[in-house]
Structures are given as C-alpha cells and as structure tokens.
Amino acid sequence: MPAAADPLEALREEALISLSDARDDASVELWRNHWLGRSDGRLTILLRSIKDQPADQRAAFGAGANVLKVTLETALEEKLESLRQAALARLGTEGALDVTLPGRPQLRGRLHPVTQTMRDCLDAFAQMGFRVFEGPEVEWSKYNFDAARIPEDHPARDMWDTIWIDTAAGDPREILLRTHTTPNQIRVMERTPEPPVRVVVPGKCYRHEATDATHEWMLTQIEGLAVDEGVRMSDLKGTLYQFAQTMFGRDRKIIFHHSYFPFVEPGIEMAIDCFICRGNDSKCHTCHGTGWIEILGAGMVHPEIIECHGYDSSRVTGFAFGIGVERVALLRWGIDDIRHFYSNDLRFLRQF
Ligand SMILES: [Zn+2]
C-alpha cells in the first residue's frame, strides 16, 4: 500500500507539521485540544472508530492508531521541552541581564541605637573585668521587691508599681514584668557561694509610667554589682569615672550627690559635666543650666542584702549601680525625646 493512501500516515504528517508550526505554549495547547482532546480530539475520534473497521483490518488499524497516539504524545512532550529551553535561552540573551542597569540597593540592617549604646556600655565594663549576666523579664515579686529590700508597704512599690501577670491560682501579685534588673544581681549572688562577684546585668524593665519626653514605660537598664573583700566607695567612684570617660569623652568631670535607693547604703547619684555648654549656658536644654547631667544611681550594697545571700558582711562589702541606657543614648546623640526610640519611625532609626 502506498504511504499516501494510508490514512494514519496522512494524519501523522498533518499533525506533526502543525505541531512544528506552534511557536508558544498557547498554540501548543490549542494543538493538544485539536488532536488529543478527550471528547473530540481527532486522534481520540480515530481511536473510537477502531471498532467500526472491517473485522479483517481491525487489528492492524488498532495497532497503527496506537502507534500514532504514542508518536503524537512524544512529539508534544518534545515540543514543550524545546519551548522551555528556548525561553531560558532568551532570558540570557534578550536583555533580561543588562549589566549596564544600575544595581538595586541592598537594604542594610543595623542595630537599634539603644542596643548599640547598651553594647558600648557593656564593653566599657567588660574592659574593667565585669562579666555579663542576663535573666528573666517576667519575674517573681520576691526577687523583684522583697529580696531588694522593698517590702509590701515600701513607698518604692508605689513609685514602681507595675505590670502584674495574672496567674490561675495563688496571690495575684506574685508575678510581674520586672521593674529593674536588680533581681538578677540577687540571682548572681545566689549562684556564687563565695565572693568575688563582679557582674553587669543588662535588660529591659517595665514600669507603670505616664510617658513623656524623658519617661517610657519600657526602659533598658544596666545594673552592676561588685562584692569582694575590701570593696570601697572609692572603687565605685573609680569604676564609674572610667565608664563616664569611655562613653562621654576623656575630659569628662564627674560629681556625686547623696541619694536614696532601698538596696544601697549610702546611695549616690552621679552627674557628668555638661559637654554641650560646659556650664556656660543658663538656657542649655541638656543640663537645664546647671552645668551637670545626672547619669546614674549607685551606692554601697546594703549589708542586709550581703547577709541574706550567706556572705559575711563583716568581711565582704560591695557596690552596685544602675544605668538607664536610653538616657545615655539620648545624651550621646543629643536626642530630645525618649519616645523616638520605640515609635518605629525608620527615618529616625536610620540616622544611627
Ligand atoms: Zn549644658
């Protein structure tokens, strides 16, 4: 039988020519529907007609039709693959990679100004041999208040009364967001059977605070503690002086005032000389015309606190200090409002 007279061969030729004309996925899809469509594709109809062939030709026709089906399906897969390869090749050659285009800027992350300041403060103390210790932000009342010599009826509890955590059972005023990092000083002493102790404990603290330019309800604190034989006020003074010089410049002067904190005796506040006006501007916003900027509170650890951790207060003494990290950051960059730090304004944050 001549090839042209074979209806299957004629269909094969027609189908393959029309497939080779297809230039994109859409026209290949049209071809698939036309030839292999499930209900009325031309090959589908042909396969359905096997049963109508004369009995003596039916087997040969069926075999030929199935070969044709495999041929067309294979040709379809090859066509799709060649379109995929062509598309990939075009990506490389048709300007998708234009080396003359300006690059897309990579957004660079950076540390929050308070985090930067906290790390710088910790570095300053690490250089003096202090170890960093961190602890929980959700704290037991006994650690936050009782162990820091702030009993139930103490005025400092009102001053600092804070965010309590509801518990299913027990005293509703048992667990809170810590109001200072002092509880971690207590933990360090608990874990250190014998002095010396020399640590700084950084972290976020939470207070019931009406926010304004200098107060936030969440603040970052660094507290320091040194306990050993013969630790004296002059050691505290030297340590804080060194810190002030590292953070605010070698020519800083410092001054101490008496103050009150429940866990130290005596308590002091340290101020540095105003590096903006150097005491020469009665309208200076940074020092309010006094020439001095309050930086931190400190003092000699109360003997009761030393004793309650099993240390012998007749033998060892200690000093402690607390620094508001936001306050240091405000001063170092001349920022006018503490609320900028946590308002999530990237225009502000990108400056540091
Ligand atoms: Zn000033």
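Guide: Let's begin with a ground rule: rings of Phe, Tyr and Trp (its six-membered ring) pair if their centres lie within 6.5 Å, with planes under 30 degrees apart counting as stacked, over 60 as edge-to-face and the rest as tilted. With that in hand, here is the group to look at: Phe125, Phe130, Phe243, Phe319 and Phe321 form one aromatic cluster. Keep in mind that this is a predicted model, where local features need pLDDT of at least 70 and side-chain atom pairs count only at pLDDT 80 or more, while totals for chains, interfaces and linings use all residues. Residues are numbered from 1 along each chain as its sequence is written, and side-chain values use heavy atoms, with hydrogens and water left out.

Searching the whole structure turns up eleven aromatic pairs. One of them joins Phe130 and Phe321: the ring centres are 6.1 Å apart and the planes meet at 70°, so this pair is edge-to-face. It ties together distant parts of the chain, since Phe130 is in the loop between α5 and β1 (131-132) while Phe321 is in strand β9 (residues 316-324), 191 residues away. Those labels come from DSSP runs, numbered from the N terminus: helices are H or I with at least four residues, strands are E with at least two. Both Phe130 and Phe321 are buried, meaning under 20% relative accessible area, where exposed is over 50% and partly exposed is in between (1.4 Å probe, protein chains only).

Thr246 and Phe125 are 121 residues apart in sequence, yet 9.5 Å apart in space, C-alpha to C-alpha. Thr246 belongs to helix α9 (residues 233-248), and its relative accessible area of 35% makes Thr246 partly exposed.

Next, follow helix α5 (residues 113-126) to helix α11 (residues 325-333): their axes come within 9 Å and cross at roughly 100°. That makes α5 roughly perpendicular to α11. The axes are lines fitted to C-alpha atoms, for helices over the stretch in contact, and angles run from 0 to 180 degrees between N-to-C directions.

Who touches whom? On the α5 side are Pro113, Val114, Gln116, Thr117, Met118, Asp120 and Cys121, which meet Val325, Glu326, Val328, Ala329, Arg332 and Trp333 of α11; contact means heavy atoms within 4.5 Å. The residues of this contact split into eight nonpolar, two polar and three charged. Here Ala, Val, Leu, Ile, Met, Phe, Trp, Tyr, Cys and Pro count as nonpolar, Asp, Glu, Lys and Arg as charged, and the others, Gly among them, as polar.

The charged end of Arg332 sits over the ring of Trp333, 4.7 Å from its centre. To qualify, NZ of Lys or CZ of Arg must be within 6 Å of the ring centre and within 35 degrees of the ring normal. Arg187 does likewise with Tyr143, lying over its face at 4.2 Å from the ring centre.

Arg187 is also one of the buried residues of α8. Eight of the ten residues in that helix (residues 182-191) are buried, so α8 is largely enclosed by the rest of the structure.

Conventions:
Angles under 35 degrees count as roughly parallel, over 145 as roughly antiparallel, 65 to 115 as roughly perpendicular and the rest as oblique.
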